[in-house]
Amino acid sequence: MTWTKRDFLKFTAGAVAFAFAGAGCAVAETISKLVLSEEEWRKKLSEEQYYILREEGTERAYTSALNNEKRDGTYHCAGCDLALFESDTKYDSGTGWPSFYDVIPDRVGTKTDYKIFFPRTEYHCTRCGGHQGHVFEDGPEPTGLRYCNNGLALTFKPKTA
Ligand SMILES: [Zn+2]
């Protein structure tokens with residue numbers, strides 16, 4: 001078979017398309033955003049949940065039943081149900097808030113906040129933007145991170161056998 005310039009171009013285009021398709025597979029799943037109005041959020045959430053998730057509030061320490069949750073399962077965003085943490089990354093930080101040393105990849109976004117006198121890294125759910133907590137660099141190995149999460153911003157789903 002002899003290659004014409006035209007065949008070559010077709011072949012090249014095909015190879016490029018294939019390469020793009022391949023790259024697409026490596027990209028993490030696309031998480032569809034949940035966007036609600038303030039009024040819709042107020043209907044969907046309790047007053048305390050609204051304060052935490054939508055106004056970046058913080059619940060009082062030692063108030064969440066999830067502090068003592070030790071079962072296998074997944075922790076989901078209380079705003080939109082996106083799974084954020086696996087139970088095997090939860091640990092007892094002694095701070096009075098549910099704490100995790102790692103997050104499910106691509107499920108939270110971060111920003112720096114200056115609500116108190118030193119900067120902290122705030123993190124929030126990537127689907128609904130709901131505030132979850134702050135991440136600190138004093139966690140256990142292997143990540144050295146401590147995701148300090150509001151219990152009211154999460155729902156726990158035990159693993160079903
Ligand atoms: Zn969410």
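Q: Which strands form the open sheet, and in what order?
A: Six strands do, in the order E3-E4-E8-E7-E6-E5, with antiparallel pairing. The model is predicted, so local features need pLDDT of at least 70 and side-chain atom pairs count only at pLDDT 80 or more, while totals for chains, interfaces and linings use all residues. Residues are numbered from 1 along each chain as its sequence is written.

Q: What makes strand E3 and strand E5 the edge strands?
A: Strand E3 (90-91) and strand E5 (108-113) each pair on one side only. Two strands count as paired if DSSP finds at least two bridges between them.

Q: How do you know that E4 and E8 pair?
A: Strand E4 (residues 99-100) and E8 share 2 bridges in the antiparallel sense. The definition asks for at least two, so E4 and E8 qualify. Across this pair, Ser 99 stands opposite Cys 148, and Phe 100 stands opposite Tyr 147.

Q: What holds for E6 and E7, in which sense do they pair?
A: E6 and E7 pair in the antiparallel sense, again over 4 bridges. Glu 122 stands opposite His 134 in E7. The hairpin of E6 and E7 has 5 residues between the strands, and Gly 129 there takes a positive phi near 75 degrees.

Q: Why is Gly 130 called buried?
A: A residue is buried if 20 or more other C-beta atoms (placed from the backbone) lie within 10 Å of its own, exposed if 12 or fewer, and partly exposed in between. Gly 130 has 26 such neighbours, so Gly 130 counts as buried. Gly 130 lies in the loop between E6 and E7.

Q: Which residues does Gly 130 touch, not counting residues up to four places away in sequence?
A: Two residues are in contact if their C-beta atoms, placed from the backbone, lie within 7 Å. Leu 53, Arg 54, Cys 77, Gly 79, Cys 80, His 124, Cys 125 and Ala 153 touch Gly 130 on that count. Tyr 50, 80 residues apart from Gly 130 in sequence, is 9.0 Å from Gly 130 in space, C-alpha to C-alpha.

Q: Why does Glu 56 count as partly exposed and not as buried?
A: Glu 56 has 18 C-beta neighbours inside 10 Å, so Glu 56 falls in the partly exposed class. Glu 56 sits in the loop between H3 and E1, and has a positive phi of about 55 degrees although it is not a glycine.

Q: What makes Tyr 62 count as exposed?
A: Tyr 62 has 10 C-beta neighbours inside 10 Å, and therefore counts as exposed. Tyr 62 also lies in the loop between H3 and E1. Its phi is positive, about 60 degrees, although Tyr 62 is not a glycine.

Q: What makes strand E7 mostly covered?
A: In strand E7 (residues 131-136), 5 of the 6 residues are buried.

Q: Which way do the residues of E8 point?
A: Arg 146 and Cys 148 point one way, Tyr 147 and Asn 149 the other way, and all are buried. In a regular strand the side chains alternate between the two faces of the sheet.

Q: Which members of the largest nonpolar core touch the most other members?
A: A nonpolar core is a set of buried Ala, Val, Leu, Ile, Met, Phe, Trp, Tyr and Cys residues joined through C-beta atoms within 7 Å. The largest one has 24 residues, and Cys 77, Ala 78, Leu 84, Val 103, Cys 125, Tyr 147 and Ala 153 touch the most other members. Two or more core residues come from each of helix H3 (47-55), strand E1 (73-77), strand E2 (83-86), strand E6 (120-125) and strand E8 (146-149). Ala 78 touches Gln 49, Leu 53, Leu 152, Ala 153, Leu 154 and Thr 155, leaving out residues up to four places away in sequence.
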